[in-house]
Amino acid sequence: MSLTSDPTNLATVDAGLRTERRIAWLTLVFGSAASSAATFAGNRLWAVGLLIGAVLAWLNFRWLRRGLDALVAASAAQAGAEKPRVPLGAYFGALFRYGLIALSVYAIFKILKVPLASMVVGMCALAAAAIAASVYELWHSER
């Protein structure tokens, strides 16, 4: 029996996908809200940094999801194999993702003079979104 043929599993998978989508859009909402607050406070560079950090966190989340989806597909294809293999691209993808984000933050910091702390705080929008989505799921779960 496959994961998607059981109706109980289908509901769980569907709930997981909804939560992932909720985390993705909440990351951008929280980052935009923080950026707007910094703009109204009169600190344009911090506003830019907060927004850049939130967008980078959103990209990281999307890339992580795609990488994990590829690992799940590879493990399902190797079900029953004595010695399953992790695709080399999965390792490269993880290293590339973090390297690209680090390079982007460095370039933005050096070229645009955006405060590094503002981008790091902006990346925390992902954590805030994950917490908010978790609280939402707990609040709306069937009892």
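In this predicted model, the largest pocket has a volume of about 320 Å³. Its lining comprises 16 residues, and those nearest the centre of the pocket are Trp-63, Gly-67, Ala-90, Gly-93 and Ala-94. Two elements, α2 and α3, each contribute two or more residues to this lining. By class, the lining of the largest pocket consists of 11 nonpolar, three polar and two charged residues.

Helix α2 spans residues 44–77, and helix α3 spans residues 88–112. The axes of α2 and α3 lie 10 Å apart and form an angle of about 170°. Since angles over 145 degrees count as roughly antiparallel, α2 and α3 are therefore described as roughly antiparallel to each other. On the α2 side, the contact involves Leu-45, Ile-52, Leu-56, Asn-60, Trp-63, Leu-64 and Leu-71, which meet Ala-90, Arg-97, Tyr-98, Leu-100, Ile-101, Ser-104, Val-105, Ile-108 and Leu-112 of α3. The residues of this contact divide into 13 nonpolar, two polar and one charged. Trp-63 of α2 and Ala-90 of α3 take part in this contact and are also among the residues nearest the centre of the largest pocket.

Helix α4, formed by residues 116–123, packs against α3 at an angle of about 140°, with the two axes 10 Å apart. The arrangement of α3 and α4 is therefore oblique, and their crossing is right-handed. From α3, the contact is made by Ile-101, Val-105, Ile-108 and Phe-109, and from α4 by Leu-116, Met-119 and Met-123. Seven nonpolar residues make up the contact of α3 with α4, with no polar and no charged residues. Ile-101, Val-105 and Ile-108 of α3 contact α4 and also meet α2.

The crossing of α2 and α4 is right-handed. In α2, the contacting residues are Leu-45, Trp-46, Gly-49, Leu-50, Ile-52, Gly-53, Ala-54, Leu-56 and Ala-57, while α4 supplies Ala-117, Ser-118, Met-119, Val-121, Gly-122 and Met-123. The contact of α2 with α4 contains 11 nonpolar, four polar and no charged residues.

Note on methods
Residues are numbered from 1 along each chain as its sequence is written. This is a predicted model: local features need pLDDT of at least 70, side-chain atom pairs count only at pLDDT 80 or more; totals for chains, interfaces and linings use all residues. Side-chain values use heavy atoms; hydrogens and water are left out. Axes are lines fitted to C-alpha atoms, for helices over the stretch in contact, and angles run from 0 to 180 degrees between N-to-C directions. Helices (H or I, at least four residues) and strands (E, at least two) are DSSP runs, numbered from the N terminus. Angles under 35 degrees count as roughly parallel, over 145 as roughly antiparallel, 65 to 115 as roughly perpendicular and the rest as oblique. A crossing is left-handed if the near helix is turned anticlockwise from the far one by less than a right angle, and right-handed if clockwise. Contact means heavy atoms within 4.5 Å. Ala, Val, Leu, Ile, Met, Phe, Trp, Tyr, Cys and Pro count as nonpolar, Asp, Glu, Lys and Arg as charged, and the others, Gly among them, as polar. On a 1 Å grid over the protein atoms alone, a cavity is a set of points where a 1.4 Å probe fits but cannot get out, and a pocket is an open set with protein on both sides within 12 Å along at least five of seven lines; lining residues have an atom within 4 Å of a point. Grid points are joined across faces, edges and corners, and a volume is the space filled by probe spheres set on the points.
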